[in-house]
Structures are given as C-alpha cells and as structure tokens.
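Trainee: I'd like to learn how to read pockets and helix contacts in a model like this one. Could you walk me through it?

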Amino acid sequence: MDGVKFNHLLHGGDYNPEQWFDYPEILKDDIRMMKKARINTVSLGIFAWCKLEPVEGVYDFDWLAEIIDRLYENGISVNLATPSGARPHWMADRYPEILRVNMDGSRNHFGMRHNHCYTSPVYRRKVREMNQALAARFDSHPGVILWHVSNEYGGECYCPLCQQAFRGWLKEKYGSVEELNRRWYTAFWSHTYDTFDQVEPPMPTGEMAIHGLYLDWKRFVSDQVGDFLRSEVEALREVGAKKPVTTNFMYNFQEYNYHKIAKFVDVVSWDNYPTWHRKQERLTAMDTGIQHDIMRSMKKAPFLLMESCPSPTNWQPVNKLRRPGMVEAASLQAVAHGSDSVLYFQIRKGRGGFEKFHGAVIDHYGKEDDRTYQECCQVGEDLIRLSECNHTWVKADAAVIFDWENWWAIDESKGPRNQGMYYKETVEKSYYAFRKQGLNVDVLDMEQSIEGYRIVAAPLVYMFRAGFEAQVRKFVEEGGIFILTYWSGVVDENDLCFLGGTPGGLMDVMGLRSTEIDGLYDGESNYLCPVQGSVDAGMLSRNYRCEHLCQLVEVSTAVPLMVYGDEFYQGTPALTVNQYGKGKAYYICADAEQSFYDDLYRNICKEAGLKAPIPCFVPEGVEITTRESEDTQYIFIQNYNRTDVKLPIRVNDYEVIFQSEGVKTGGAITLRKFNTVVLKNRK
C-alpha cells in the first residue's frame, strides 16, 4: 500500500507559541498540558512569517529552533509549515504587485490572508527563499516529521500577470486561436476571437456567455495554484529536504479541483468543521463521512485530519457547543474512514484577533478541569488504544463519481433548472445508500480508474470528460454493475452538446436514448411506479416520489423496471436496466427520494454479492466502516442517533479492541448516542 506512514496515530494540532512570547510561564505549561492530553504532534509556523523574517533578508529562526527542541525533548513532533498563507506588511509595501486584483480590476490593500497573487514572480521568489532557508535549517531535525505547505489555499487573482499566464495556458492547450474558437463555440453571438491577446477571464463587465471560457478559467486557476504548491515543494527539495509534504484542503471547496492539486503532496490532509447538532447528527455524520472518503480516495491511501474543532468555532453563523461525547465520536469517525491523525485548530486560544473565540484544546481559563480539555484527553487515550490501526487501509468495492469539473459545468450550464440542480445532494443520495448497507465507498473523479470495483454509481454526470465513456464501457463489458442518472452524458469537456443522442458514447451500454427532460417547479412532484411482471419484478415494489428533474427516455435494449405515474409521460420508463457484455447498466431517470436509492441499492448490492462486514441489519444512524491490514479487519461501529441502539452481534466472534465508556457487550452490543466500538476480525 502506498502512502506516508508515521510511527503512531497523530494527536495534536495548530500551535502558535509566537503569540505568547510575553508569557513564558504559559509556554512552559502548554507542554505539560499537551503531554497529559497525549498530544504527540503540533503544527508550527503557519502564520509566523513576520517573526521568521522581521526585516527583508534577515531571518530569525532561533526562537523556532528552541520551541522545536523543547517539544521534541518532551515527545512531541512537529508539522513545520511554510508561511506563504500570510505575508508580512513590509513585503506588500515594497512589492505591491504581490497583492491580489479583484474581478473588477481593483487591487487589494494589505490584510487578511491569501491576499496574494499566485503568479507573481516576486512573491514566488520570496516564498522560495523562505522555504529553502527553513528546509536547510530544520529538515534534518528528528522532531520534524512533516512539511505543512502553506495553509488552506484559496481565492483567485485577475491581475495583468495572471491574465497573461491564462493566455499562455490557453495557447499551450489549443495551439491556435482557430481551435479555441471551435472548442468554445464562439460563433454564438459573434464572439469570435482574432488573437489570444483578446481573451480575458470571465467577468460581469465583460464576457460571461462562453461556457468553455468559464470552465477553462476555473481549470487555469486550479492549475496555477497547483503550480504554486509545486514550486513550494520544489524549493524544499532543492536544498535536500526529504520529509513528506502535505497541504490542508477544505470542505466542499469548489474553487479548485483538489484531485489535480493532490498530486503535488505526499499525503492528503483536510480541515473538518461540521455544524454538529444543527440537524440530526446522523445526517451530519453522513455529510462528513463523504468528505473523509473524498480525501482518502484522491490517493487511495490514509489521509490526515489536519484541523478539527474540539469546541465551538467562531466563524459559523451559529457556533454551537459540542455535546458531551461528540468530540470523541467525530474524531474516531475520521480514523474509521482512513485518517492517521486527529489534529485540532487550535492548541491554545489566542487573546486577540479574528480567532480569539475559536475553540481550542486549552481555553483562556488555562486549567485542566475544563470540559473540552478533558474530552481531548479522552481522544488522546483512545488513539493509543487504537494504535494498531495506524496506516491500515480502507478497501471499497463500491465507488461514486463526484467530479469537480462536472460540478462547475452544471452550475454554469443555463438549464434545465437555473436554481437547484442539486449535484452534491444527488451524489450524496448514492453515497448514503451504499453506506446504509455497511459498505466502504470510494469517491472518485472521472480521471480516476474505476477498474476493480463491483459497483460504480455516476450521478448527474452532465459532462463526460477524460475518456470516462471508454472506462464505463470496459467496466460493464467485463462484468461490473454501473448506475447512471438523468442529465448525464450531455456535453463534452468544453460544454459542447453531443450530437447524435445522449448519453454521449454510452447509448448502447445503457440501452436507451435520452429524449427530453422536464424541469419541475419547486413544490411540484411526480412519482415512480414499479413495472409488474418485469424480469426484475419484486426488486422495487412500491411507489417513490421524485422532484426537480424528470428525464424522458426511449429504450432500445434496456428493460423498464419503473415508470412515471403522472404527467403526459405517465407510463414511460423511469428506471431501466440493460445487460451489456458480462455486466449490467442501470439508468435512474428522475431525482427520486432517498428511500428509492436505499431500496434500489440494497437490491443491487445483494445481486453483486456485496455484504456488510457484520451479519445483522444496520439501523438508520449507525455507521459501519472498516480498515484492514494484510491479515486483519477492524470494524468501526458508531451510533449517531440520539437514542440507544442495540445490535444483535455475536461479540465472541470478534475481539473488542475499543469501546466508548457506556458501551455494553454480551449477546449483543448496545451503543448509547455518540458511542463507538471497534471489533477486530482475523481474515
């Protein structure tokens, strides 16, 4: 198995000692409290540039070396950051070109963070110099285990440097302006370009009607950020740095295609801030689970939970207290899904600034009897008890396609609904349906291989790109089960409509042609009815509600399993299946309710021979995830209901290696709310 391996599960988080130089007694006490909480790793230097280089060209690393030495002497390792996320004031004053330009052409003033141009040669040079100086000094230190490159890359810049780089990117991609015009369909509205120099990024005061331009600008911005990350890593490597590198991604971050950026790091990490207790915890757990699985699936290797909050954040609309047991449950969910760490933002609350009320392991109060601190101590103990799970992997037989570029295209497509296409929610319906069967799920983009899975679901894949059609054809021919939904295979990577019928390139595999699609008004619905006497009679035996979109299809070799119950298309196919080669292809024609997906996928999983790792019914709100090594399987069972759950599991068939306080085992397992139990099973 690939991936970065650490000696133990990491526990800790962001630490900012440079904010506490006036309080040496606090710095001393921090280490004592970290050790008691079983904290073994901290992230240092993330926003410390003005302390590291107070005057241009004058580096002050001695304070950082002293902190690293002191931490290492106390058994605490360091993720050492490059500080490019926020530069010092002197740099913006001396080199104004590094400040970001907005879509309207105005240049930002100094302030906030990531307010810089990723293209600027000056900024790249200053970052390179800093990174190389840090690497030369600290990479060989035994206490440094990982390079934390920058922090939460974000935003885009419209300055002349970025616009010129964009034109160069387009010229390299298309070769000639004539090819660009063809691929962007610029004959529409007579918007043809005569030269590359005429191209500007999409903006409200200029061009907003060319979807190919919009998509390529998004791709360029992603590539430019990826290249900036690459240059940061390259600077470290050029002076001999050998420690692995990461950068922290964010929840549902649509600005960049993380799948492209992930190739520049050795291990994927991300920052997790769910709004627990805002709705039913089981729904929040599912929403968080898919994010963990997206991050893990990028490299199909263990990832790192780089930031989480052990108490309320300070930036959400409502910053709610974590209920007792929630910190443990959320932390162990990350481990269950493949994280080799539980790290927080932050170790100690700052006294001032934007994040002074953001949750932390150590409160302003600064004492051990604080509830949050005690819960973090519990997580530290938990990770020691689960140490044998370190760098085991998550194996999935089912996969769901969630493609960022497809997401961009859907949002900009101008029809069939301009408000509420619900791409993310549609993906989640398939993901949730698999997870409710107790199955691990990989979440892939269209550039990743689908070979080796038993079932692949591709919800709302409006855009086919990167040879996805060929992958699907081979997958089904060789015996895979493929599930496609409405409004799929409509356009190519430049948002040009396929000619000759859709889904483009897969009409024979699906056994049908999409003809029309009906956009339903909010509050309007139709329903799906089972076809009596079909070859798969009994697979679904009741009606299901659908809304938002209803695709009309004309079948060739596909067999209808359900039909519409209303409207002029009443009685026409709403769910079909087609035998192709050794496999089967299902087509879901409408945006059906979650229970439809749950029932359909339960039957498809049974057909494919996929079973949950424990032989019992999995109640709603109970999450089952497995990690494994060559000879051992670890089964994580978590209860995200607000009531107790009893599972009729023969505990004697397993070794119980972990259980939350309050878990009861015997002839069955009883889990109170937010409880976790981990079973060990020899393969």
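Mentor: Happy to. Let's start with how residues are sorted: Ala, Val, Leu, Ile, Met, Phe, Trp, Tyr, Cys and Pro count as nonpolar, Asp, Glu, Lys and Arg as charged, and the others, Gly among them, as polar. Keep in mind that this is a predicted model.

Trainee: How do the residues of the lining of the largest pocket divide into nonpolar, polar and charged?

Mentor: The lining of the largest pocket has 17 nonpolar, 15 polar and 15 charged residues. The space in this pocket is about 1,400 Å³. It is lined by 47 residues, and those closest to its centre are Arg-113, Glu-152, Trp-315, Phe-354 and Glu-355.

Trainee: Which element gives the largest share of the lining of the largest pocket?

Mentor: That is H10, with four residues. Helix H2 (49-52) and helix H14 (423-435) are also among the elements that each supply at least two residues there.

Trainee: And how much space lies in the second largest pocket?

Mentor: About 530 Å³. Here 24 residues form the lining, with Lys-436, Gln-437, Arg-602, Phe-617 and Val-618 closest to the centre. H10 turns up in this lining too, giving two or more residues, as do helix H17 (594-608) and strand S21 (622-628). By class, the lining of the second largest pocket holds 13 nonpolar, three polar and eight charged residues.

Trainee: H10 keeps coming up. How should I read a contact between two helices?

Mentor: In general, two packed helices are described by the angle between their axes and the distance between the axes. Here, helix H10 (residues 281-299) and helix H11 (residues 326-336) have axes that come within 10 Å and cross at roughly 30 degrees. The crossing of H10 past H11 is right-handed.

Trainee: Which residues in H10 meet which in H11?

Mentor: On the H10 side you will find Glu-281, Ala-285, Thr-288, Gly-289 and His-292, and they meet Met-326, Gln-333 and Ala-334 in H11. Sorted by class, this contact has three nonpolar, four polar and one charged residue.

Note on methods. Residues numbered from 1 in each chain as written. Predicted model: local features only at pLDDT ≥ 70, side-chain atom pairs only at ≥ 80, totals over all residues. Heavy atoms only, no water. Axes fitted to C-alpha atoms, helices over the stretch in contact; angles between N-to-C directions. Left-handed = near helix turned anticlockwise from the far one by under 90°. Contact = heavy atoms within 4.5 Å. 1 Å grid on protein atoms, 1.4 Å probe; cavity = no way out; pocket = protein on both sides within 12 Å on 5 of 7 lines; lining within 4 Å. Points joined across faces, edges and corners; volume = space filled by probe spheres on them.
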